[in-house]
Each structure stands twice: as structure tokens, then as C-alpha cells.
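Please read these points with the model open beside you.

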Amino acid sequence: MADIAFEKDLSVAETGIEGLKVVGLAVHGDSRGWFKENWQRAKMTELGIPDLRVVQNNVSYNEKRGVTRGIHAEPWDKFISVARGSVFGAWVDLREGSETFGKVYTCTLDPSKAIYVPRGVGNSFQALEDGTAYTYLVDAHWSLELKRTYTFVNLADPELAIEWPIPLDEATVSEADLNHPYLKDVVPMAPKRTLVTGCNGQLGRAVRALAEERGLAGSFDYCDIDTFDMSDPDAYSKYDWSLYGTVINCGAYTAVDRAETPEGRVTAWKANATGPALLARTCSEHGITLVHVSSDYVFDGTAEVHTEDEPLSPLSVYGQTKAAGDIAVAGCPRHYIMRSSWVIGEGHNFVRTMKGLSDRVADPEDGLTQVTVVDDQLGRLTFTRDMAEAIFRVLGTHAPYGTYDCTGSGAVRSPRARSTPRSTFPGSSRSGSTCPTGRKSWGSTSRRSSRRY
């Protein structure tokens, strides 16, 4: 049996491969044997180990010294430890786009040392003692669909130059492991996929365009209510959610005035509250990051400046449904609630409506002679391109989960009610969004219960 270092403090050490972390476990022992806390969520996450959402515990028992397994990169995070004996472990970064792709890290694991292995990092080990029991926790259930996404590299690849304590020609190795490709021929493990809901709306189109511009289209899937009604519990079975790492929810019912009607009220609650609640539950169950787009209508407009910690105080049915959606999404451990105002992009919006009305006024053959616009609303325009960039930014920088208020820059404006042959609407210069690198605020919104054009 390996010599175990007793009574040392719990510790975490970096390895040079992003996300791969070695854990020094506190083992308590005497003449009777030993005891350890093999996984301790609170203590380990405080030291930098990701919060592993454990759904499966596997054990590999190795009868004889020299049994060698791997190198396999799997589509889940895992926490590896040894219950009996010891192993020589080798880990290789096989993630697509990783700055350390092909980098190798090796060390010996015994009951006093564990390792956290992120998705896409190839894992292998060699038993150094007879009767070695190797155990690991994972955050996804094994499935044939996921197995098809494994990535492999050859244990004997000279480019990796792994110095196995027991030469591979003297070790017990499966035929499959002996015939895996060398690093130069490896197909890297692709990142988890991203699902964008409401893809045909203003913001959904902007998110799609930005993903394509940044070369991410291959890992993005898109849906709208005609293909995925997120308020329908039965609709969730059409996706294998274990394949997704992020959901960007751009879907919503935004007809503020129609939400006050009996029919509109039902639709608004389904789209803005029931749908996000079901989506949040699904993302929670599968460890998915959920980005949910919300609105300034969750406030009553009485505050001069709205902040993220202001209590919800919606006045309209639309605002109430959006607030309910925010509450549901906040229950998802990995969530970003992105609140904005006066969103302008490709598709139906206030500016297009006003332009259309203005064109009608300018047409002498049209019966419309003037346009009246509300003047009791204050806010900032937010271009969908800027909002999409803000979403990509919080995801790309791994910003703290939570709520972010994000609007366009510029002065707070109000539409002006005029009885003139020309309509007016808020002006704004597109000089960039107020993005959440920290807490940001926005201008006061309307105190009315609904918006009128």
C-alpha cells in the first residue's frame, strides 16, 4: 500500500493546463486505517475547485500492477481520487481552441491526492500496485450519444513523451487504447453547444449574426416558438441537454399593450414566466449556464436611477410577467439576467413603427395627418448589436453570475407628444453599450402601466 501523508491540510495546486487542478486531501489515520473527506463541496469550491454537480460515481478496480487505461477526453468534468493503492496519472489537453492544446501533466495519485479534470482534457492512468481502486465523480450521466463525442490520443505518442513507470510493452493495455491516433491526427473535443431561443426576434438575430462573425456558428443551435415552445413541458424531450453548456433566452412576448387584454395576458404569462421557469429548471438539472434577457418594465419608474438590487415593482401585465421570469431564472445556479430598455434592431420595434407612421403622414393620399407619441417615458435606446456583445462579454469573461442592467450609452431621452405632421422619437448615438464589467445603472423608465405609440 502507498505511503499516505496523514494530517496535512486540504490544498489545491495549478498544473499549467487551464482547469486541471491537483487536490491535496486531508487524510486522518492510525493503526486501524484512515479516513478522508474525499469530496467536500464547501471547502473545495472555496479553494478554487469548480462546483461539481455530481450525478454519477464510478469505480475502476485494477487487479494487477501495470494495468494502464486511456488516454480518453470525455464530455464532462470529473473529480478523480484513489481509494486503495496508487496510480501514475497522465493528462493531456485535447480541447479545441485551447492555448495549451497537447500539453501534458503527470503525477502520482494515492489516497491523499486527487485531481479535478475539466471536460476535454484527456485522462489516463497506470496502476502502480495490485488491487488498486480508482474512483471518480462526474457531472453528466454516461450515454451512448455522449460517448460518440469522446476524443482519444495514443498513450505511446512520442510527441507527448509520457514516461510511464512501467513500460507499455510490459503493461496491460487494451487493444483499443494501443490503436488510438497520435496527437497530430486527433480531432479536438469541440466546446459544449449553445442554444439560442427566440432566434427570429430582434435580439436573436443579432446574437446569431455575432456568433457567425466570431466563427462560432458551428457550436450554436437556434430555435423559435414554432420549433420549441419553452412553455410546454413536453417540448424539452426533443433536446439532449447534456450536449449544451449555455442557453441564451432571447424569446419573449413583448406586445406591451396587448398583454393587457384577456388573450394577451395568457400568452404573456406563458412566454415570459412559465417558459423561463421551465428553462431555468432544465438548465439547473444539467449544469447549463442560462442567459435570460429582461426589461426595465420590472420597475415602476419612480427611482431616478435603477440598479440591479432595486426591488421589483412592475405596473403592467407585461412587467409582471417579466418580473416573474426573472425570479424563476434567479433560481438557476448559473444564470445571467440581462435587463435592458428600448431595444432596437432588425425586426419590429418602436423606431420602425414611428418611421412607418411618419411615412404615412407624408403621403398626401393617406388619411393619417398627425402622430401622437407619449411623453411620460424616459430611457435609453439599446441597439441589439450592443446587447449581443454584452451577452458574449459576460460569457467570455466568466463574469460573476447574477443580474446586470445593460443599456445603450448617451443621455436619457423621452419621446415628445406633438400634434404635428411629423413624428418624433428618442435620439441616440451608437457609441457603445453600458456593459457589465461592474455594476451599471440606467435612466428612469416610464411610470405608466403600458407603452403607447
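**Notes on the fold**

1. Strand β17 (residues 244-249) and strand β18 (residues 289-295) run parallel and are joined by four bridges. Two strands count as paired if DSSP finds at least two bridges between them. Helices (H or I, at least four residues) and strands (E, at least two) are DSSP runs, numbered from the N terminus. Opposite N249 stands H292 in β18.

2. The model is predicted: local features need pLDDT of at least 70, side-chain atom pairs count only at pLDDT 80 or more, and totals for chains, interfaces and linings use all residues. Residues are numbered from 1 along each chain as its sequence is written, and side-chain values use heavy atoms, with hydrogens and water left out.

3. β17 and β18 belong to an open sheet of six strands with parallel pairing, in the order β16-β15-β17-β18-β20-β23. At its edges are β16 and β23 (402-405), each of which pairs on one side only. From one strand to the next the twist averages 20°. Helix α6 (residues 317-329) packs on this sheet and touches β18 and β20 (335-340); the direction of α6 makes about 160° with that of β18. Contact means heavy atoms within 4.5 Å. Axes are lines fitted to C-alpha atoms, for helices over the stretch in contact, and angles run from 0 to 180 degrees between N-to-C directions.

4. How does α6 lie against helix α5 (residues 262-286), and at what angle? The two pack at about 10°, with their axes 8 Å apart. α5 and α6 are therefore roughly parallel to each other (angles under 35 degrees count as roughly parallel, over 145 as roughly antiparallel, 65 to 115 as roughly perpendicular and the rest as oblique). Residues of α5 in the contact include W269 and P276, and those of α6 include Y318 and V329. By class, this contact of α5 with α6 has eleven nonpolar, four polar and two charged residues. Ala, Val, Leu, Ile, Met, Phe, Trp, Tyr, Cys and Pro count as nonpolar, Asp, Glu, Lys and Arg as charged, and the others, Gly among them, as polar.

5. The structure holds 19 aromatic pairs. Rings of Phe, Tyr and Trp (its six-membered ring) pair if their centres lie within 6.5 Å; planes under 30 degrees apart count as stacked, over 60 as edge-to-face and the rest as tilted. The rings of F220 and F392 have centres 6.0 Å apart and planes at 10°, so this pair is stacked. F220 lies in strand β16 (residues 220-222) and F392 in helix α8, so the pair ties together parts that are 172 residues apart in sequence.

6. The other sheet to check is open and antiparallel, with six strands in the order β1-β2-β10-β7-β12-β5. Its edge strands are β1 (11-14) and β5 (56-62), each pairing on one side only. Four bridges join β1 to β2 (residues 21-24). S11 stands opposite G24, and E14 has K21 as its bridge partner. In the hairpin of β1 and β2, with six residues between the strands, G16 takes a positive phi near 95°.
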